[in-house]
Amino acid sequence: MPRARRLPRIVRAMARCKPARLPTNRAIPDRPPTVREGGCGTRDIAPSPLGRAFWGALAIAALLAAFPARADEAFVTSQPAEMLSIVDLDSRTVVASLPIPGKPAGIAVSPDGRRAFVTSPDGKALTILDAATRTVTARVDVGGGPVGVAVHPSGDIAYVADWYGARIIAVDAASARILGTVQTGDSPSGLAVTPDGALLLSADRDSDAVSLIDTGSLKRVGEIKVGSRPFGVTIDAAGTRAYTANVASNDVSVIDLATRRLIATVKVGERPYAVALAQGRGFVTNQYAGTLSVFDLATLEPVGTVAVGEYPEGIAASRDGAFVYVANWETNTLSVVDAKTLKLVDDIVVADGPRAFGSFIRATSR
């Protein structure tokens, strides 16, 4: 994390008269304290309006410098290790490890960063975590074989793909109560919700299709045929296009969500798993090739290839689009790729067998 800037002399003098640390939950006061002459003297001097403004701004600047913003985090599921590794993305270190039973695979962090949701296929369960305190708040028995998971933009509902049951289970995030189910095609895997929260997409692997689910009624309202064996599905920030990684046809299907039809196919590497979007580009993990295929989102033309770890699976972009993070199953690392230069800039060691299948970046309060 960035080091605090050296404070001005007068502020340092004042700091010597009080504890060096403030409680992290203490709000900045709505008015500045009276200034003590000499910093530690006893005589009060009432500040002028200009002085109050100056000292208020200075106090806020000092607090911001002394308490740097917390970095965004990556929540990485590791299936063989039955572990969730939490990675600080500024320092690029694992800052916490939480045991999650049942061979965890899917992950979704709510847009507000409050909760994280983890699927355990062997445990037939969805684990709900308080992402800030890094504690488990509930474990929901959903049955079947839960794999993919996505969260409604409101953060109130999690959707779980049941691979064996060919259905999606809606779970209330606060109460951990199952709200309902809806049938899909065969072997639903990756899930994604449109930014307006109206539509849920399910990549139905063994149906070679994407199911469209109305989130309001929890009813299946359409199906779009894509490439062979779609696994991961990603929706762009505008909610206009969706992309599926098709593991058997080695390509990405591009869907126009307004017309609800397939509009293009992009060839990528061997055994593509999932797609991330950043810097006007699509980044695709190729499991068998150990690479990322990169293509231009406007022209759909190839841009390049990036070598990462062995058997890359889950992939996600940073909030500012500067970096792409890749979970490598065989090398037990989270690769950091510069989305602009397409250079591998770091590899972070995580627990054995990372999958991180889903939206695994947690936005912290900044």
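Of the 366 residues of the protein chain, 50% count as buried, that is, under 20% relative accessible area with a 1.4 Å probe and protein chains only, where exposed means over 50% and partly exposed lies in between. The model is predicted, so local features need pLDDT of at least 70 and side-chain atom pairs count only at pLDDT 80 or more, while totals for chains, interfaces and linings use all residues. Residues are numbered from 1 along each chain as its sequence is written, and side-chain values use heavy atoms, with hydrogens and water left out.

**Overall features**

The protein chain averages a pLDDT of 85, and 80% of the residues score at least 70; pLDDT is the predictor's confidence in each residue, from 0 to 100. Over residues 1-68, pLDDT stays under 50, and the model has 39 contacts beyond four places in sequence for this stretch. A contact means heavy atoms within 4.5 Å. Among contacts between residues at least 6 apart in sequence, 41% join residues at least 24 apart.

The secondary structure comes to two helices and 31 strands. These are DSSP runs numbered from the N terminus, with at least four residues for helices (H or I) and at least two for strands (E). The protein chain exposes about 16,600 Å², of which carbon and sulfur atoms supply 52%; accessible areas come from the Shrake-Rupley method with a 1.4 Å probe, and for residues only the protein chains shown count as cover.

**Open sheets**

Two strands pair if DSSP finds at least two bridges between them.

| E10-E11-E12-E13 | antiparallel | E10 (146-151), E13 (178-183) | 20 degrees |

**Nonpolar cores**

A nonpolar core is a set of buried Ala, Val, Leu, Ile, Met, Phe, Trp, Tyr and Cys residues joined through side-chain atoms within 4.5 Å. The largest has 26 residues, of which Ala74, Phe75, Val87, Leu334 and Phe360 touch the most other members. Strands that each supply at least two residues of this core include E3 (73-78), E4 (83-88), E27 (323-328) and E28 (333-338). A second, separate core of 19 residues includes Val147, Leu292, Val294 and Ile315.

Beyond residues up to four places away in sequence, Val87 touches residues including Ala74, Val94, Leu334, Ile348 and Val350.

**Ser211**

Ser211 lies in strand E16 (residues 209-214) and counts as buried, at 0% relative accessibility. Leaving aside neighbours within four places in sequence, Ser211 is in contact with Thr184, Gly185, Leu200, Leu201, Ser202, Asp204, Arg220 and Gly222. Ser211 and Val221, ten residues apart in sequence, are 7.8 Å apart from C-alpha to C-alpha.

Terms used:
Axes fitted to C-alpha atoms, helices over the stretch in contact; angles between N-to-C directions.
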